[in-house]
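Student: Could you walk me through this model, one question at a time?
Tutor: Gladly, have a look at it and ask away.

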Amino acid sequence: MPRKNGEKKTFFGSTEAIVNLPEYALVPVRDTVIFPHLMSPLIVGRDRSVRAIEAANEYNQRVIVCLQRDPEIQDPILDDLFPIGTEVALGRMLRMPDGTSSVIAQGEGRVRLIEITQFEPYLRARVQPIVESRDKSLEIEALMRAVLALFEKAVRLTPNLPDDAYVAAMNSDTPGALADLVGSTLNLSIEKRQDLLETLDPITRLQKVSVGLAKELDVLELQSKIHTQVQEEVDKTQREYYLREQIKVIQHELGEADAQTRETNELREKIAQAGMSKEAKEKAEHELVRLAQMPSAAPETGIIRTYLDWLIAVPWVKTTADNLDIAAAAKLLDEQHYGLKKAKERILEYIAVRKLAAEKMRSPILCFVGPPGTGKTSMGRSIAQSLGRAFVRVSLGGIHDEAEIRGHRRTYIGALPGRIVQTMKRAGTINPIFMLDEVDKIGADFRGDPSAALLEVLDPEQNHAFSDHYLDVAYDLSKVMFITTANILEPIPPALRDRMEVIEFPGYIEEEKVAIAKQFLIPRQKEEHGLGDAPKFSDEAIRGLIREYTYEAGVRNLDRELANVCRKVARTVAEGKRAPASITNEALFKYLGPTKFTYGIKEERDEIGVATGVAVSDAGGDTMAVEVTLMRGKGGLQLTGQLGDVMQESAQAALSYARTHARELGLKVNFDKLDIHIHVPEGAIPKDGPSAGITIATALISALSHRAVHRDVAMTGEITLRGRVLPIGGLRDKVLAAHRAGLKTMLIPKKNKKDMVDIPKKVQREMQFIYVERMDQVIPVALSRGAAVRGLGAAKRGGK
């Protein structure tokens, strides 16, 4: 920083004694030493330095270049600079792409830095020129000749030193100039270079250069010796290769080498170069001997040749280096996939452990489980890209034969290795990302069970010696990263499931689908249909596509509907008509016709005997109305709406609770003279599960007590005979379905409060969640106020 009150510090002498010394612009440098009489590029980046050079060029002046003691200091003062610098003449300054400036500097002479006279807008300093002695003696002449002799050897041994350097050294007429020239060519640290610059006595400086040159020459001679030895070995190998080639030509001219011999020799070379395991190499060499001894017309010749081709083609040692940059991998995964936090975290954890303990860790066996269209297969490709590995995929859907995995034995005509070995050949490396798609759709019949054959493939304790029936030698799969995919876990045998680390790919919620459509699907469809930036899809239009034209957990059908819209817009443009600037929700009918699906919305008014529940399917969550009506009868219970056994039992439990607590609930009815009908609309869709228990109970109590159910309240939870509310699954999808339907309050089991971390913050702010443990906490919130209900406690409302 500049000194306060105009204070200036000098290296020596009083102000009166040095006032007549020359003053120049000063350029501090961090890692450059410029020697006198030599030309060197000067890179500057600080604003002061750039201004100093610009001012010097403008007034055709020289500058002083001084090295900093500490390169980290941004604004050096006098104490931060070495006292000896170089007076420099400047050439043209060029701006570089990285923001710095480059200028050709010609050293003129050494100077001593006396004081800094100006700090802004650039540094100026007063300096004392240092004049060197040009006297020569016999001792100096001998020393110069010795340095020249050493330098001649160094130039001859150093490829990047031109002969012109030695010519320039020969024409240096003073010991100081020779020392500076030779010293500038030596591979010295910046401190030693500055030490040479500060050595003012030419004889001493030339002696230092002579010592450094001798050390450098020792290193160069040793390097040359090593290079010569290596070259001799290479020449020997080339000579042998040349002789072998001559032998081949001579044999060909003499007709001694037939096609079978050449083929055998080629196979022998390929076997030697394949890097096989000891067992595989012995097997290959044994089969090669059989092939050489067998007549070319023998039936088994083709079988052996095909077998050897497979052994040679399968990778044994070739690997790809892993990209262990965690930040770059995370960025790539985020660019190609929206959400899927757990899968991304698992891959980044694998990269981190691989980075810290590459030799100790085993390759993970992952299983991606989720509905169709949620990005399982494409995530595998992204993982391979982030790691820098090859990606291969095998679809297992519908295979029934164990030989598809293990291959056929060579006794069969047309036998081939199994899909595992075939795919490894296609990968070309021993550490690819290997995706086994649709592992839940493997069949089994009299030909064997392919899933049983996968037990060895997907077991880290066994797959280092995988046995393929065709190869008949152990093959190492331990470095392969296997990823399996499935839609559901139930069909996967327990033993196979136990070998895999399951990562769930949940169905996308509406907000995620909107983000995926805007970030990935719409830009891709516009590009594929040649539409450029237009038209724009409004958020309402995207939500309309999701709600009314698709019903899925993934985004495949959404992608198809977007493509359908883009095709129609492309046709309009191709016909020379004006394309719409934007696609609105109202315009969807024009492009896609009537809506294909409906989604749940809240009831129009409070009604008796109608409660709103929520359900989860493979396509996400949706609201579900439960209707109860009463009629005269004999105490019967009728259930309709294609309800499963569990849901029917929930309805019976709800009725038993209502009958047991009729007095506390204020129900003045004779159950023996009533028939109760419980119906869940959309009867074509099967429904099951216990989570509708409190919804059925609420609708039932509403009908029996003639109290309306609030239309803006949704609920979910399993009910017991004692009225306890038990936790349920799929809370995230259920809450989002209620929010989409416009419901403001939701009753959920208290034990599900921990699952609220998965609910988007926006939804938590816009809805009220009430956590209940007993049915008597549900009734006051769900039913409208009527006659006093005895024995019921008030429900405690949970925070948003």
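Student: How many bridges join β5 to strand β6 (residues 124–129)?
Tutor: This is a predicted model, where local features need pLDDT of at least 70, side-chain atom pairs count only at pLDDT 80 or more, and totals for chains, interfaces and linings use all residues. Residues are numbered from 1 along each chain as its sequence is written, and side-chain values use heavy atoms, with hydrogens and water left out. Strands (E, at least two residues) and helices (H or I, at least four) are DSSP runs numbered from the N terminus, and two strands pair if DSSP finds at least two bridges between them. β5 and β6 run antiparallel, and the number of bridges joining them is 6.

Student: Which residue in β6 stands opposite Glu115?
Tutor: β5 and β6 form a hairpin with 5 residues between them. Across this pairing, the residue opposite Glu115 is Arg126.

Student: In the hairpin of β4 and β5, which residue takes a positive phi?
Tutor: Strand β4 (residues 84–95) and β5 run antiparallel, joined by 10 bridges. Their hairpin has 5 residues between the strands, and the positive phi, near 95 degrees, belongs to Gly99.

Student: Which residue in β5 does Met39 stand opposite?
Tutor: Strand β2 (residues 39–44) pairs with strand β5 (residues 101–118) in the antiparallel sense over 6 bridges. Ile43 has Ser102 as its bridge partner in β5. Ala89 stands opposite Gln106, and the residue opposite Met39 is also Gln106.

Student: Which residues make up the uncovered face of β2?
Tutor: In a regular strand the side chains alternate between the two faces of the sheet. In β2, the covered face holds Ser40, Leu42 and Val44, which leaves the uncovered one to Met39, Pro41 and Ile43.

Student: How many of the residues in β5 are buried?
Tutor: Buried means under 20% relative accessible area, exposed means over 50%, and partly exposed is in between (1.4 Å probe, protein chains only). β5 is mostly covered, and its buried count is 13 of 18.

Student: Is Leu213 buried or exposed?
Tutor: Leu213 is found in helix α7. Because its relative accessibility is 1%, Leu213 counts as buried.

Student: How far apart in sequence are the parts that the pair of Trp316 and Tyr475 ties together?
Tutor: The whole structure has 4 aromatic pairs (ring centres of Phe, Tyr or the six-membered ring of Trp within 6.5 Å; planes under 30 degrees apart are stacked, over 60 edge-to-face, the rest tilted). Trp316 and Tyr475 form an edge-to-face pair, 5.2 Å centre to centre with 75 degrees between the planes. Trp316 lies in the loop between α10 (299–313) and α11 (326–336) and Tyr475 in strand β11 (residues 474–475), so the parts tied together are apart in sequence by 159 residues.
Tutor: A charge sits over a ring if NZ of Lys or CZ of Arg is within 6 Å of the ring centre and within 35 degrees of the ring normal. Arg69 lies over the face of Phe82, at 4.8 Å from the ring centre. For Lys425, the charged end is 4.4 Å from the centre of the ring of Trp310.
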